[in-house]
Amino acid sequence: MPTDAKPFPLKGDRPPRTILVCQNKACRKSGSKAVLTAFQNHKIPEIPVIGSGCLGHCGNGPMVLVLPDEIWYRRVRAEEAIEIMNRWAIDS
Ligand code: FES
C-alpha cells in the first residue's frame, strides 16, 4: 500500500548547512539586497544561500542566519560575505 510518510533526520543527523539573508523591509533599507548578492557571488556549492523573510531582528539588519547552527550575524556589510562564507566552508 502506498504511503505519504516522509523520511526525517534521525537523532544525531544534521540537516545541511544553509545561510539565510533577510530580504524583508527593514533589512532591505539597510542594504540586505547587496549582502545577498555578495553571498551569492561567493557561493559555495555545499552551502545554499537563500533570501529569507523577516528573521525577527529588524532593528539590527541586515541580518544573516546560519542554519542549523543558529549563528546570527547582524549589521552585515556586503564586503563581509566572503569572510563569513569561508568560515562556514571550512567548518562544514
Ligand atoms: S526585516 Fe530583517 S529581520 Fe526583520
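Helices, taken as H or I runs of at least four residues, and strands, taken as E runs of at least two, are DSSP runs numbered from the N terminus. On this basis the protein, which is described here from a predicted model, follows the pattern β-α-α-β-β-β-α when read along the sequence, with three helices and four strands in total. The mean pLDDT of the protein is 89, and 89% of its residues reach 70 or more. Confidence is highest in helix α1 (residues 25-29), at a mean of 98, and lowest in helix α3 (residues 81-91), at 85.

The four strands are arranged in an open sheet of mixed pairing, in the order β2-β1-β3-β4. Its edges are formed by β2 (49-52) and β4 (71-73), each of which pairs on one side only, and the twist from one strand to the next averages 25 degrees. Strand β1 (residues 18-22) is joined to β2 by four bridges, and these two strands run parallel; within this pair, valine 21 stands opposite glycine 51 of β2. With strand β3 (residues 64-67), β1 pairs in the antiparallel sense, likewise over four bridges, and here threonine 18 stands opposite leucine 67, while leucine 20 has leucine 65 as its bridge partner. The remaining pair, β3 and β4, is antiparallel and is held by three bridges, with valine 64 opposite tyrosine 73 of β4. These two strands form a hairpin with three residues between them, and glutamate 70, which lies in the turn, has a positive phi of about 60 degrees.

Helix α2 (residues 32-41) packs on this sheet, where it touches β1, β2 and β3, and its direction makes about 155 degrees with that of β1. The buried residues of α2 are Ser32, Val35, Leu36, Ala38 and Phe39; because they cover an arc of only 160 degrees around the axis, they are placed on the same side of α2.

Of the 92 residues of the protein, 23% count as buried, and the largest nonpolar core comprises 17 residues. Those with the most contacts inside this core are Ile19, Leu20, Val21, Cys22, Val35, Phe39 and Val64, and the elements that give two or more residues to the core are β1, α2, β3 and α3. Valine 35, one of the buried residues of α2, illustrates how positions separated along the chain are brought together: when residues up to four places away in sequence are not counted, valine 35 touches Val21, Pro62, Val64, Val76, Ala78 and Ala81. For the protein as a whole, residues 24 or more positions apart account for 69% of the contacts with a separation of 6 or more.

Definitions and conventions
Residues numbered from 1 in each chain as written. Predicted model: local features only at pLDDT ≥ 70, side-chain atom pairs only at ≥ 80, totals over all residues. Pairing = 2+ DSSP bridges. Axes fitted to C-alpha atoms, helices over the stretch in contact; angles between N-to-C directions. Contact = placed C-beta atoms within 7 Å. Buried ≥ 20, exposed ≤ 12 C-beta atoms within 10 Å, placed from the backbone. Arc of directions from axis to C-beta. pLDDT = per-residue confidence, 0-100. Core = buried A, V, L, I, M, F, W, Y, C linked by C-beta atoms within 7 Å.
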